[in-house]
Every structure is written in C-alpha cells, then in structure tokens.
Amino acid sequence: MAVIDTLGLPNTKGRKPLIVAQVVDALGTGLFLPFAVVYFHAAKDIPLTTVGLMLSVGALLSLPAGPLGGPLIDRIGPRRVLIASNLIRVLTFTGYVFTDTPWQLVVLVTVTLWGDSLFRPAVSALVAQVADDGHRARWYAMDRSLRNVGIGAGGLVGSTLVGWGGTSGYSAVVALNAVSFLVAAGLVATWRRTAVLPSGGDPVPAGDAPGQRSSGYREVLADRAFLGVLATVCVFALCDLALTMLLSAYVIEARGLPAWQPGMLFAINTVMVMLAQTAVARSVERYRRTRVLQVASVLWMVSFALFAVVSGEHVGWAFGGLVLGMVVFTVAELLQAPTSSALTVAIAPEHLRGRYLGLEELMWSLARVMAPTVFTWLLARGASLPWFALCLCCLAAVVVLQRLHRVLPAPVQRETVHG
C-alpha cells in the first residue's frame with residue numbers, strides 16, 4: 001500500500017472491472033484514432049476534402065450531446081449512460097465497414113461523436129461516485145495514464161494491421177475497435193458497486209444511485225463560480241488541442257524543420273504522462289486546486305513562448321528548444337488535467353453532477369470545432385501568432401482563477417472534499 005500511495009494510485013479494490021474496461025476502450029481507440037482520416041480516404045475512396053467536411057459536420061452536429069447527456073446521467077446514473085455510449089459506438093463502427101456512401105458516413109460519424117460526448121462526462125461522473133473521498137484526482141490521473149498506455153499500444157497494433165493488410169487492414173482496425181467497445185460495455189455492465197465502501201464509512205447503494213431530485217440547467221447556469229470554471233475549461237481545451245492540431249503544422253510547415261521532430265515530441269509527452277501523471281496528482285493534493293491550475297496556466301505560457309521563439313535556421317538548437325517546450329507543456333498538462341476534472345465534480349451538487357459535466361463536455365466540443373480553423377488562420381498570418389494568442393488565453397485563465405480562489409470555499413478546492 002505504501003508503494004501504491006507513493007505512486008499516487010487510488011484504491012482499486014472492487015473496481016478493477018472498470019479499470020479493465022477503460023484499458024480495453026483505450027486500446028480500441030488507439031487502433032482507430034491515427035487512421036481516422038486515412039481510413040475514409042483509402043478504404044472508402046472518399047476525397048480528403050470531403051472527409052474533412054464530413055468530420056467537421058459531424059463535430060458540429062454533436063455539440064448538443066454533452067448538455068443533453070447531462071440530465072440523462074442525473075436521471076438514470078452514469079454507469080448506464082457509459083454502457084449506452086459504448087453500445088452506440090459498437091453499432092457505428094460496425095456500420096463503417098458496410099457502407100461507403102458519404103451521407104451515410106456523415107450520419108455514422110455524427111452518432112459516433114454523440115457516443116464520445118456521452119462517454120466522457122459519464123466516466124467523470126462514475127469516477128466521482130466510486131472514488132474514495134480525497135482520491136478523485138488520483139482516479140482521473142490514473143484514467144489518463146491508462147488511456148495513454150492503451151492508445152499507444154493500440155496505435156502500434158493498428159499500424160501493424162494496416163502495414164500488413166492494406167485496405168483489409170483498415171477494415172480489421174475498425175472491426176476490432178467495435179469489439180473493444182462491446183467488451184468494455186460488458187465489463188461495465190457486469191460490475192456492481194456493492195463491494196465498494198467509501199472511506200467515509202457509509203455503504204454505497206447498489207446500482208447507479210442517480211440523484212434524489214432533479215433540477216434544470218437554470219440552477220447550473222446560476223452558479224457564477226462554475227461559469228468561471230467553464231471559461232478556464234475552454235482555455236485548457238485549446239491548450240491541449242494545440243499539441244495535436246497545431247504543433248506538427250508549426251514545426252514542419254511554418255519552421256521548415258524535419259518531419260521526424262513532431263513524432264519525437266509526441267513520444268516525450270506520451271511517456272511523461274504514462275510515467276508521472278499519478279505521482280504528480282498525488283504531490284499537489286495538499287494545495288488548492290485554483291492555485292494548481294494557475295501554475296499550470298503559467299507553465300503553458302512558458303511552453304508556448306518557447307515554441308514561438310524557435311527558429312528553423314539551426315535544426316539542432318530548434319529541436320532542443322522544442323523538447324524543452326514540450327517538457328514544460330507536459331508538466332502543465334499533468335497539473336491541469338486531473339485537477340480541473342476534480343474541481344468541476346467538487347463544485348457540482350450530486351443531483352446536478354451530470355449537467356455540470358455535460359456543460360464541461362460542451363466546452364471541449366466547442367474547442368474541438370474552433371481549434372482547427374483558429375489555429376490555421378493565425379498560423380497563416382504569422383508563425384508565432386497562435387502561440388502568443390494561447391499565452392493571452394492562459395493569462396485570462398490566471399485572472400479568472402484568482403477570482404475563483406477568493407470566492408470558492410476551501411473544502412471545494414482541496415482533495416478532502418466529500419462531494
């Protein structure tokens with residue numbers, strides 16, 4: 001137990017099926033994620049521009065999923081919503097194999113993204129239910145580490161299948177992803193909470209134990225402190241998406257650096273998250289969450305400044321600067337990811353938790369829609385402009401968090417909260 005605590009891992013007794021389900025889900029996601037665009041282009045013979053339009057339309061049409069899923073989580077419980085989200089994606093990924101008509105694929109992509117947008121708040125709400133008091137951030141950290149491991153391993157398997165089977169390999173990747181969602185749904189469905197006893201000593205009721213009373217979004221939107229949290233969530237989402245949607249284009253196109261460098265930078269980020277996420281979450285438990293998030297914002301500003309000043313004239317020096325920037329970026333990510341999730345759950349009343357998390361998911365969905373257009377527009381007007389814009393966003397987040405630090409009660413800001 002001492003080693004587990006040192007590593008920042010939570011108590012998993014009675015909850016191992018949930019952990020296995022997350023790993024299986026991440027493996028399937030890792031199989032498909034690197035090939036999402038290429039699959040529709042190579043296996044379905046759809047032009048790349050049409051594929052991009054399909055994905056954008058799907059993302060826009062899935063924006064309501066988070067807010068609509070919130071009341072569902074509050075009403076029937078996160079476990080059932082989590083199972084449903086996995087089964088939805090079983091159907092859509094199976095459908096990908098049997099159709100190559102663009103409009104049908106748009107429908108399938110949209111429904112898949114709805115499943116994704118139901119999955120994320122349901123997982124967060126389920127963690128809030130099953131985690132021991134004071135260990136929610138550890139659970140979010142462990143979930144993130146496991147997802148990185150699973151996605152990395154799935155990516156390797158997917159690359160092997162595609163390299164070995166060509167077009168058939170793409171179909172195998174999609175089919176295996178559907179299977180992974182089915183297995184994950186089965187694991188979550190067979191798990192029961194009766195074996196879990198929170199540290200507070202009160203038995204956890206069987207089933208999902210949804211909220212005792214219902215309330216609409218009016219009560220959530222009246223929570224002005226939470227509106228401030230949502231603003232920071234949107235900023236953090238843009239910062240996170242800069243890694244996947246901006247860095248490669250910046251390094252290769254804007255600075256003219258070798259194409260191998262982004263892959264190495266991504267590898268550094270992945271390894272650091274896998275090895276250090278839970279330990280970092282443990283190390284900041286005694287600090288107020290708003291302070292931790294302010295530190296993360298400042299570190300992101302430092303990393304973006306390092307990226308911005310990189311020059312393409314000296315490849316070696318440029319790579320050294322990018323590596324330093326990536327290390328700082330990842331430390332900020334390690335601080336922010338579990339802390340931000342735990343803060344939202346701590347603020348939310350239990351009977352409205354799904355709605356709070358649904359709005360948090362909406363912020364992420366909006367960022368996913370905005371990021372490609374905004375980043376590329378800024379990049380076309382100046383190589384460093386996207387990074388400076390992100391610095392300003394992070395500075396705004398620091399100001400908002402300072403206000404939240406003053407108005408939020410201390411128990412909400414630390415891991416001693418019972419939620």
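A: Val-37, Phe-40 and His-41 of helix α3 meet Leu-48, Val-51, Met-54 and Leu-55 of α4; contact here is heavy atoms within 4.5 Å, and helices are DSSP runs (H or I, at least four residues) numbered from the N terminus. This is a predicted model, with local features needing pLDDT of at least 70, side-chain atom pairs counted only at pLDDT 80 or more, and totals for chains, interfaces and linings using all residues. Residues are numbered from 1 along each chain as its sequence is written, and side-chain values use heavy atoms, with hydrogens and water left out.

The residues of that α3/α4 contact split into 6 nonpolar, 1 polar and no charged (Ala, Val, Leu, Ile, Met, Phe, Trp, Tyr, Cys and Pro are nonpolar, Asp, Glu, Lys and Arg charged, the others, Gly among them, polar). As for geometry, α3 spans residues 36-43 and α4 residues 48-61, and they pack at about 130° with their axes 9 Å apart. Those axes are lines fitted to C-alpha atoms over the stretch in contact, and angles run from 0 to 180 degrees between N-to-C directions. So α3 and α4 are oblique to each other (under 35 degrees is roughly parallel, over 145 roughly antiparallel, 65 to 115 roughly perpendicular, the rest oblique).

Now look at the loop between α3 and α4, where Asp-45 sits. Asp-45 isn't a glycine, yet its phi is positive, about 60°. For context, most residues other than glycine have a negative phi. Asp-45 has 68% relative accessibility, so it counts as exposed (over 50%; buried is under 20%, partly exposed in between, with a 1.4 Å probe and protein chains only).

For contrast, take Thr-330, in helix α15 (residues 315-347). Thr-330 is buried, at 0% relative accessible area. Leaving out neighbours within four places in sequence, Thr-330 is in contact with Asn-269, Met-272 and Val-273.

Then there's the largest nonpolar core, with 64 residues, in which Phe-304 and Trp-387 touch the most other members. A core is a set of buried Ala, Val, Leu, Ile, Met, Phe, Trp, Tyr and Cys residues joined through side-chain atoms within 4.5 Å. Helix α11 gives the most to this core, 14 residues. Not counting residues up to four places away in sequence, Trp-387 touches Ala-242, Leu-246, Leu-247, Tyr-250, Phe-304, Phe-307 and Ala-308. Apart from this core lies another, of 28 residues, including Leu-82, Ala-125, Val-130 and Ala-184.

Key:
Helices (H or I, at least four residues) and strands (E, at least two) are DSSP runs, numbered from the N terminus.
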